[in-house]
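Me: I would like to go through this model with you, one topic at a time. Please keep the answers plain.

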Amino acid sequence: MASGTQRNGADGDGRAGEGAASSAEAVAAAKAAAPANGETVRVDSWIWSVRLVKTRSMGATACRGGHVRVNGERVKPAHALRIGDEVRLRRDGRERIVVVKRLIRKRVGPPVAAECYIDNSPPPPPREAVAPAGIRDRGTGRPTKRDRRELERLRGLAGPGPGPASGPGASAGPR
């Protein structure tokens, strides 16, 4: 019980509001997460540790799927990283290009993680300001089947199903 009280006191209020001390703590946290001399870090573990992927298993899956390249070569999840390696991660339609500056094994906070690599990624494409498709006027009532199909066509949700029926009762075009 005494160790619990002691631990709470050590974690206490001393850290809040100290700019230089918090940066020193960040460096200390990164050093604590670093491997011992001579040890290596797996690429899936490193990209998770520096917060390029959300989970380590997502990092391993990305490696197995060929979405992670180290120095231009596809790598397996257990590939050993070295300082100075260029890691390319393709995810969500965007490619992240980072150069390893520090090796860490444990996940750390975002400010500390940002100090562990040099980001050479191209800027993300700007989000396009798109007008919402298919906003109906107030009071027009419930959409008909034809209205719903037009809204789906505008939104790009039209499935690969069969097109308009062609037969004796089908019309040649919109009425």
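Me: How many bridges join strand S5 to strand S6, and which way do the two run?
Reply: In this predicted model, 6 bridges join S5 (residues 86-91) to S6 (residues 94-100), and the two strands run antiparallel. Strands here are DSSP runs of E with at least two residues, helices are runs of H or I with at least four, and both are numbered from the N terminus. Residues are numbered from 1 along each chain as its sequence is written. Local features need pLDDT of at least 70, side-chain atom pairs count only at pLDDT 80 or more, totals for chains, interfaces and linings use all residues, and side-chain values use heavy atoms, with hydrogens and water left out.

Me: Which residue in S6 stands opposite Leu89?
Reply: Arg96 stands opposite Leu89.

Me: And what is the order of the strands in the sheet?
Reply: The order is S3-S2-S5-S6-S7, an open sheet of 5 strands with antiparallel pairing; two strands pair if DSSP finds at least two bridges between them. S3 (73-74) and S7 (117-119) each have a single partner strand, so one side of each lacks a neighbour in the sheet.

Me: What is Arg88 in contact with, beyond its neighbours within four places in sequence?
Reply: Its contacts (heavy atoms within 4.5 Å) are His67, Val68, Arg69, Glu95, Arg96 and Ile97. Arg69 is 19 residues away in sequence, with a C-alpha to C-alpha separation of 5.1 Å from Arg88.

Me: New topic: which residues of H4 are buried?
Reply: In H4 (residues 56-64), Gly59, Ala60, Ala62 and Cys63 are buried. Seen down the axis, they fall within an arc of 160°, so they line one face of the helix; the arc is that of the directions from the helix axis to the C-beta atoms.

Me: What covers them?
Reply: The cover includes helix H3 (43-49), strand S2 (68-70) and S5. On the face turned away from the buried side, H4 carries the exposed residues Ser57 and Arg64.

Me: Anything just after H4, then: which residue takes a positive phi?
Reply: Gly66 does, at about 85°.

Technical notes:
Buried means under 20% relative accessible area, exposed over 50%, partly exposed in between (1.4 Å probe, protein chains only).
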